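Hi everyone, thanks for coming. Please have a look at the structure with me, and I'll point out a few places as we go.

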Amino acid sequence: MKFRTLAIGLGAGAVALSLVPGLGATASVDPTAIRTRPGQVFNRYLDQKPAWKPCGDPSLRTQCAKIIVPRDWFSQGLRIDIQLAVSKVAPLKGKPSRVVFGNPGGPGGAGLGMAPYLGGIKELGANHLAVGFDPRGTGDSANVSCEGTPGFTMDARDRDAGNLDLIAEAASLAGPYCDRQSRGLLPYVNTEQTVQDMDLIRRLLGFDTIDYVGYSGGTWLGAYYQTYFPEHVGRFVLDSNTDFTRPWSETFAAQPEAFERRFREDFAPWAAKYDAQLQLGRSPRRVLRAYEKLRAALKKRPAVEEFLDGSVKISYDQNTLDSIVSTDLYSKLDFPSLAADLGFLRDLSATQSASGTAQRKVDVLPAARQLQLVRRAQQATRRTLGVAPLGQPFADDAENATFIAVTCNDTEWPQGREYGDRLSAQLGPNYPLLGWGMNENPCSFWQRPDLNMPVPTGQGLPTTLMVQSVHDPATNISLATSAHHRYAGSRLITVTNEGDHGIYGGVNKCADRLVNAFLTTGKAPSKDQTCRGEGIPAPTAPEPAEASIGGDPAGGVPLARIAGLGKVVSGYIH
């Protein structure tokens, strides 16, 4: 599937299809083989003394260190270890009374930026030690890789037998490529191992309980930490939720509906409202029709142009267009960039037949705009493995490979191509942006480890605070409501009139107020809450280069700031 980090909402049809017998056998494990933690943690891990060093700009007050963990927590005696990168930010004054861990999602997103991000929130920074870490597989921790894996370059909308065969073959090759490139680590990149890593970090820092803020795929990680280590659970906030009470397949089957809703009900009406400025169509229907017309044109004849004085050549085809569109649906602040790109590509495609005219349209652009277009196109074409993470697109192979490893290793998927082909045929006509690509899924051919994790229920835990926008494209609102109903003691903050993915930290003042009160005092809402979104602002000129691709540490939406901070503090420890 073209899974987005995390995308698409789970509609009733997707649920029905996923439960139909005969849609492909699932790789089975012994249902009695559920385990929760190793019998003991060896002293060689507990006795280590992390060598903390400043990392990044001094104003961020961030320190980083490497720790060692076993490659397999259930085989510590083999003494096969890997390294993890950890970051922390202490309060400006005094000793912290609590610790808050953070994870930006993916799964597979590098997390060192979570420490300066959480430590920079005034309410948290006063008494919390803020902690981030790059999960095993990604970032400055031990990496996995899927380098060289054949990508999904075909058009998923083409339903002829030959094209479906190519999609299935590409999906089946991902596992062997990833395994060969990852030097034995791939089976151990899963949530069961990662929560053990988290608890070792807790013990090394000397805290009995942890608070937690997890976005997107980080909601899954947080719920499983609660399940494996309930006695060490403090105040947990899960923002932009997976359905962590069900298999990964349910979360991703819900993406196409949610992305399509965001595109049709948020972006298209907004673009039509400002047609005098954007010129994409005077009605939502015309905006959508313009996208389909452009997609058909780029499929027939991709736009291949040179940028930055000929140093970079970019080919825009229908897949690049789809990826650009879906990427910019995560945040309303990216709508102006999406509108500008659609207009540019429309004009570029229209001048293809005139010799040299299209290239001249590129050459007259300012260097900053050309750089922005190059980076956005490269970001779009990076997603060659089909399944795309739940948050913003990944910056490198290790994050993408970790995403695939976690989602394919953690829970069972229907095996073989039949499930994916039927799911894409069912969802594609109604949700074409992502629905047709639901068969582009390596997990359908993945050799899972012998892993059977306990299902999170929330039983016996303190209150878990969940936050969700109603038009989130990556994690469908249906996932949050489903998990909320199954997760004992949870409270749900629903943000209406909003579709951003990742809310806490500046998107909605009402939600921020409730979350900060919970994290700082432990006071949870007595019942579910509703906050009204602040609407989509009028279009402004798109941000140049870094800011538009989730790399601005000083501004933007929460996940963009976390990614930007991660770049600033990474690479200092070896």
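Let's start with helix α12, residues 318-327: 10 of its 10 residues are buried, so it is largely enclosed by the rest of the structure. Buried means under 20% relative accessible area, with a 1.4 Å probe and protein chains only; helices are DSSP runs (H or I, at least four residues), strands likewise (E, at least two), numbered from the N terminus. At the start of α12, a side-chain oxygen of D317 comes to within 3.1 Å of the backbone nitrogen of N319.

A word on the source: this is a predicted model, where local features need pLDDT of at least 70 and side-chain atom pairs count only at pLDDT 80 or more, while totals for chains, interfaces and linings use all residues. Residues are numbered from 1 along each chain as its sequence is written, and side-chain values use heavy atoms, leaving out hydrogens and water.

Now the rings. The whole structure holds 18 aromatic pairs, meaning rings of Phe, Tyr and Trp (its six-membered ring) with centres within 6.5 Å; planes under 30 degrees apart count as stacked, over 60 as edge-to-face and the rest as tilted. One of them, F263 with F267, is stacked, at 5.9 Å centre to centre and 20° between the planes. Both residues lie in helix α9 (residues 255-273), 4 residues apart, about one turn of the helix, and both are buried. Elsewhere, ring pairs link W220, Y224, W248, F252, F403 and W413 into a cluster.

Key: Buried means under 20% relative accessible area, exposed over 50%, partly exposed in between (1.4 Å probe, protein chains only). A polar contact is a pair of N or O atoms within 3.5 Å; within protein, one must be able to donate a hydrogen and the other to accept it, and residues adjacent in sequence count only if both atoms are side-chain atoms.
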